[in-house]
Amino acid sequence: MDYTCIGVDRNVGRTKGFTLVELLVVIAIIAILAGLIFPVFVSVRRKAKQAPCLSNLRQLGMAIQMYAGDYGGFPVVRIFEGGEGNPYGNWAGCYIYGGVCDLSKGQIYPYVNSASIYLCPSARGVKKNIFPDALPYPLSYSMNALLSYKRIVASASRVGLLIHEDSSTIDDGDFNWMGWAGDPDEGRNQPSNIHNEGTCVVYCDLHAEWQNYDTVIRALTNNDWDPDKH
Ligand SMILES: [Zn+2]
């Protein structure tokens, strides 16, 4: 038997490609690199989606502050109350619960002049169940229910001013996180968790930040959003 021939064949095989072990090593390296890069990629994409939401909230917060500056320091009305001189209710022009908002009739519209900043790009196209034939809801944000008729204290950096509310509960631009006195579970509004298991909030000092869903719920449960606590 010519053993030399076997040796020659093995060498020829080597020049043709990788051995199984080499291939596995390469696959393992690629897998490790992908494992490192993919979470970064996902996080960048999520952050990119948060950025316009935070920018919207900052602009709306500034408009509320400007309105307050022009009206003796008082903020806009957070909830529809109707009545003379206030036919469209609140800051976002909501005039019927669960219904449409005429943003252009809201109190701060003259300070922003743009309907697009009332809607988070991540929530675009959401319709309210209550009116299945209605146009997609134009509003993603709601105002802290405890701020109505109160002066906004700029130092209240932990008191939420506006929040990206969950699309299942947003109905009137009012963020009522306490529910009704008669039944606390009834009418309780929920923060959105559309942004990486969290939501975006602009606080009374006008800084906007992403907040983990559980962190927001904890702050609300602790009554941290009550301006009288600060
Ligand atoms: Zn958002």
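Colleague: In which sense do strands β1 and β2 pair, and over how many bridges?

Modeller: Strands here are DSSP runs of E, at least two residues long, while helices are runs of H or I of at least four, each numbered from the N terminus. Two strands pair if DSSP finds at least two bridges between them. In this structure, β1 (residues 141-144) and β2 (residues 160-164) are antiparallel, with three bridges. Met143 faces Leu162 in β2.

A word on the source: this is a predicted model, where local features need pLDDT of at least 70 and side-chain atom pairs count only at pLDDT 80 or more, while totals for chains, interfaces and linings use all residues. Residues are numbered from 1 along each chain as its sequence is written.

Colleague: What is the order of the five strands in the open sheet?

Modeller: The order is β3-β1-β2-β4-β5, and the pairing is mixed. Since β3 (174-175) and β5 (208-212) are at the edges with a single partner strand each, one side of each has no neighbour in the sheet.

Colleague: Which residues does Leu162 touch?

Modeller: Contact means that C-beta atoms, placed from the backbone, lie within 7 Å. Leaving out residues up to four places away in sequence, Leu162 touches Leu57, Leu60, Gly61, Tyr141, Ser142, Met143 and Val202.

Conventions. Two residues are in contact if their C-beta atoms, placed from the backbone, lie within 7 Å.
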